[in-house]
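Work through the exercises below with the model open. Try each task before reading its solution.

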Amino acid sequence: MIAAAWTPICRVEDIPVLGSRRVERERGLDVAIFRNDQDAVFALLDRCPHKGGPLSQGIVFGTHVACPLHNWTIGLCDGQASAPDEGCTPKFSVKVEEGQVYLDAHELATQAIDLERPVAGPQKRGPHAPPLRGSLPPGGADPAWGGPAPDRRASKA
Ligand code: FES
């Protein structure tokens, strides 16, 4: 295990009570640092385990944050979604000393750098999914999919 090299980030009072600040990284998504009403500080990847919502814009209560997109509740101590939801967002080590907030430089440089924020838009469709409304399946319309019947007159000639 590598000994932590603590990087100074900000003062506790620089983080809004029941709010957060984002820490940019050279690679990977930002890290969100949160402050609760007891002045405890936590750090999570700024990405909800549900659909990638920005947790830094969520509402902090106790030791949890409510995601601003669909209101999942994520534990600030462990990044774990509260049941019945499932999933986990990476957490980062935090040290607070005399009001100064530090994050582990090694974790900032290496942890969860491969995770991306999902792109908004339709989900990938399987090969047997019916066509989107107003589009035709490969090879033309198919009555089984509710589209117009193929023109059979052409085959009678
Ligand atoms: S993206 Fe966070 S609850 Fe859906």
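**Exercise 1. Determine how strand 1 and strand 10 pair, and find the residue opposite Thr-7.**

Solution. This is a predicted model. Step one: locate strand 1 at residues 6-11 and strand 10 at residues 100-104. Step two: check the direction; the two strands pair in the antiparallel sense. Step three: count the bridges, and you reach five. Step four: look across from Thr-7, where Leu-103 of strand 10 stands opposite.

**Exercise 2. Describe the hairpin of strand 9 and strand 10.**

Solution. Begin with strand 9, residues 94-97. Strand 9 runs antiparallel to strand 10, and four bridges join them. Take Glu-97 next: its bridge partner in strand 10 is Gln-100. Now turn to the link, which has two residues between the strands. Glu-98 takes a positive phi there, near 50 degrees.

**Exercise 3. Decide whether Leu-55 is buried or exposed, and list what surrounds it.**

Solution. First place the residue: Leu-55 lies in the loop between strand 4 (41-45) and strand 5. Next count the other C-beta atoms within 10 Å of Leu-55; there are 28. The cut-off for a buried residue is 20 or more. Leu-55 is therefore buried. Now set aside neighbours within four places in sequence. The contacts of Leu-55 are then Ala-32, Leu-44, Asp-46, Arg-47, Cys-48, Val-65, Cys-67, Ile-74 and Thr-89. Last, check a distance: the C-alpha atoms of Leu-55 and Arg-22 are separated by 9.7 Å, with the residues 33 apart along the chain.

**Exercise 4. Summarise the protein as a whole: its elements, its burial and its contacts.**

Solution. Count the elements: two helices and 10 strands. Read them along the sequence, and the pattern is β-β-β-β-β-β-β-β-β-β-α-α. Turn to burial: 26% of the 157 residues count as buried. Finish with contacts between residues at least 6 apart in sequence: 44% of these join residues at least 24 apart.

How values were computed: Residues are numbered from 1 along each chain as its sequence is written. This is a predicted model: local features need pLDDT of at least 70, side-chain atom pairs count only at pLDDT 80 or more; totals for chains, interfaces and linings use all residues. Two strands pair if DSSP finds at least two bridges between them. A residue is buried if 20 or more other C-beta atoms lie within 10 Å of its own, exposed if 12 or fewer, and partly exposed in between; C-beta atoms are placed from the backbone. Two residues are in contact if their C-beta atoms, placed from the backbone, lie within 7 Å.
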